[in-house]
Amino acid sequence: MAPASAVVVALGDDLLREVFVRLATPADLLRAAAACKPFLHATRSAPFLRRFRRRHPSSCPRLLGCLLLFPNRRRGKFHLLPIAPPASSSAAAAANGDFALSFLPGGGWLGLGTATWEHLDCRNGRLLLKNMGSQELAVADPISRRCVSLPAPPAGRAVGYGLFADHGDSSEFHVVCVSRDAASGELRALLLSSGELSWADVAGVACQTNLTAGSRAMQANRSLYWRLEGGERMVAFSTASMEFSVLDLPPALRELSFDAIDRGEEEDANVLHLLTMSGFRIEVWAGTADVDGGMAWRRVEKSVRFHKVLMEMINPSVGSYQHELDVIGVAAGVVFLQQWNHLFSIDLEIMRLKMLPNKDCSEAVIYPYTIAWPPSFLNPVGQGA
């Protein structure tokens, strides 16, 4: 009988990955990777790690809670609202973080003094910020208390930003600046990678419509998306193909808030899924490119109505019965919703509605906050992405 080590080597990386991608949880994957060097080598693959995350949307990355930014009070500080019980490992990780961001360059607080920082985006455990004085950018990690300073984008009129997380390698990140070209009027995509820390003008699209005021970037299918004014379209930038395009939205979503989500295996990467709340029901819409270059949309999911259980949680008023829940974002299989100063979450696997502790969030900018995926232990080493 061949020794176990020889059997493992004979299986090869591809077959091992087919086994590992079917493990139930990220914790199981970590234990398998730690078992021996061949297992570790097989798991340290960016395409495999992206695939694992897509198959396990409710368990990776690990969700800590909601990040709330109060721009004009409490010195503009961030506040993390945990979603896990106080005794959990997630709550412990959150407690060890510096969400006051006192480690920023110059030691300035958000919204205080000469070193004032504007919040631009939040993704995969990192925050994208802009210094209002120097116009330089920074990417900050409250858990590790580390900050990377970035140069200001080239001269031009920046109209939007996005922080792209590579879920195949958490040691890397990309920043996209959407800029309006003064000469042609095009929207241009400027890209900065953490490995180079310099801006490159990589793509443009003819689009005279501006981004919606306060439009935040959404990430799915290795692309970033921003809504355009009027609600009928959005722009998309693919970090895989470096293409910048304009997409039509389904009429049903044009007046609603939504988030882009990853679904299923890599073969579904050409299908864009958007999650919204309509009539107090969660809806998922799927869009694919049609032969004319547009988007063909269809509703693929519709949940039960949450109106009754919602009214049992709050002190209802006439407005409460009529006002829809706004989608804040989706992370780790949980959608976060807001109705005025109330904050809610729904676990998409069991469709359970939960009201989060009241922090009077009516004036806050809110993002779901997760620990980075993949764990640094699994980051690819000298392997192509």
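Before anything else, a note on names: helices (H or I, at least four residues) and strands (E, at least two) are DSSP runs, numbered from the N terminus. I'm working on a predicted model, where local features need pLDDT of at least 70 and side-chain atom pairs count only at pLDDT 80 or more, while totals for chains, interfaces and linings use all residues. Residues are numbered from 1 along each chain as its sequence is written, and side-chain values use heavy atoms, leaving out hydrogens and water.

Entry one, a loop. I found Asp290 in the loop between strand E17 (281-289) and strand E18 (295-302). Asp290 is partly exposed, at 31% relative accessible area (buried is under 20%, exposed over 50%, partly exposed in between, with a 1.4 Å probe and protein chains only).

Entry two, salt bridges. I count one when a side-chain nitrogen of Lys or Arg is within 4 Å of a carboxyl oxygen of Asp or Glu. By that rule I get 14 salt bridges. One of them joins Arg31 and Asp28 at 2.5 Å, N to O. The two are three residues apart in helix H2 (residues 26-33), so about one helical turn separates them. Arg31 is exposed at 56%, but Asp28 is partly exposed at 24%.

Which residue does Asp166 meet in a salt bridge? I found Arg50, at 3.0 Å, N to O. Asp166 sits in the loop between strands E7 (157-165) and E8 (173-180) and Arg50 in helix H4 (residues 46-55), so the pair ties together parts 116 residues apart in sequence. Asp166 is buried at 5%, and Arg50 is buried at 9%.
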